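Please keep the sequence and the model at hand while reading.

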Amino acid sequence: MQLLLNQTVIQVAHPRADTTLLLWLRENQYLTATKEGCAVGDCGACTVMVGQLEAGAIVYRSVNACIALLASLNACHVVTLDALQDEAMHPVQQAMVDCHASQCGFCSPGFVMSLVAWWLNTPANSLATAADFEQHRHGVELALSGNLCRCTGYQPILLAADQLAPLDRSQDPLFESLGGYKHCLATLRTITADSNENIADAYYAPQNLEQLALAYAVTPKARLVAGSTDLALDVTHGLSSIDRMIDVKSVVELQRIDKRGDELHPQLYIGAGVSLSELEAACHDCLPNMTHLLGRFASRQVRNRATLVGNIANSSPIADTPPLLLVLAAKLVLQQGQSQRTIALHEFYLGYKQTALQPAEFIHSVILPLPREHQQVFVEKVSKRAEDDIAATCVALTVILKADRVEQISIACGGMAAIPKMATHTQAQLLNQKLDPQLIAQVPTWLAQDYQPIDDMRASAAYRQQVTANLVQGFLREAMA
């Protein structure tokens, strides 16, 4: 594999499938400015920027190096804090100094790289009005949501972002140089496409659907990987060795979000390689509930690599997206060899960490129906932290009311059972009934028949039951209003 590391093209012969970018940077390239804080993608101390060619331009995003697999960065541009080190400080570094935004300094490299990525992708803003400032501050908070300061020094870091906001990005020599690497990455991509023929490689990145299907049929026990934001934890914390991975992120056919269907039944087709950040942007107007939910999903660094299909295929009972997908009646397109079949998402989960996937079968895409006319959609995640945390419960509900009667209703929860699960009994009790306070008051009793949650480190069973009932009742009251 080959990648561009800061200003140098690096060739790595036969990288191990389970080598992380952070390990390689620190132990092979001796670039120790990138820190290891948690090794699970929670703290952001290891943040770097990764650039990829998209539609003829290089797009740079913040990434957690501790859970990014080295081999997945073939033909990418990896920018570490070392690229900023010069006689004159970079504007982001200068703003951090001016605002006294570094305390112990261990987290500072990650904050600097997240701010660089934010600054690079955000137009200069004069902050002339309160609305301008509110939009700016929200963007900064999203960009820094995956960076934890152990000295609780967030306010000076936010002030540094305020100082940066109106500055002219075009005067930054780093940004000028970044734009000049387009030809280099295009060359590396061409080399990759020409040489990526050995499906026996430890880390194989097929370029099209035919190659992916063939590789998985030949080695069905290989681990399929997209962003590796969860799988990498088996390596960093589980200390597992993974000998064989097949990366779906380079498969051209799986990189798209298409809007299909007619005006009455619009649908999104979301490929297995589409990142959560891309989905978050695509849903902003057509499904704002998804954008809202993804704003609570881990951090920007994680969403830049994680995929919707990965969140589904991981088959976790506390995955954030399945409750919303379930109430919208999402379907999955599954592929085995050259054959495809479509199943409803509620048929995919068979038990704890058990799915309907057959040997050598993978998820090709998600079919996500958009809300119908008059269909109200609600979703809420409950966790101890607003960002970068795992849910105690996640509740989603869709409802259509006609003359105050419940014409359609779907309720689904995560964290309440061994799988993301619909509240079928509660739905049956509410359907075709007149929605009023007396009916809503009975919801906790019905939900107790749908769910029997457990006690764990995130919440007690009683808390989960209570807060889920509170949310469903609150959604219904809001719908009635």
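## A buried arginine and its partner

R296 is buried at 15% relative accessibility, where buried means under 20% relative accessible area, exposed over 50% and partly exposed in between (1.4 Å probe, protein chains only). R296 forms a salt bridge with E380, with the closest N and O atoms 3.6 Å apart; a salt bridge here is a side-chain nitrogen of Lys or Arg within 4 Å of a carboxyl oxygen of Asp or Glu. Because R296 lies in the loop between helix 11 (288-294) and helix 12 (300-303) and E380 in strand 16 (residues 376-382), the pair ties together parts that are 84 residues apart in sequence. Helices (H or I, at least four residues) and strands (E, at least two) are DSSP runs, numbered from the N terminus. E380 itself is partly exposed, at 26%.

## Basis of the model

The model is predicted, so local features need pLDDT of at least 70 and side-chain atom pairs count only at pLDDT 80 or more, while totals for chains, interfaces and linings use all residues. Residues are numbered from 1 along each chain as its sequence is written, and side-chain values use heavy atoms, leaving out hydrogens and water.

## Other salt bridges

D162 and R137 form a salt bridge with their closest N and O atoms 2.6 Å apart. D162 is buried at 16% relative accessibility, and R137 is buried at 15%.
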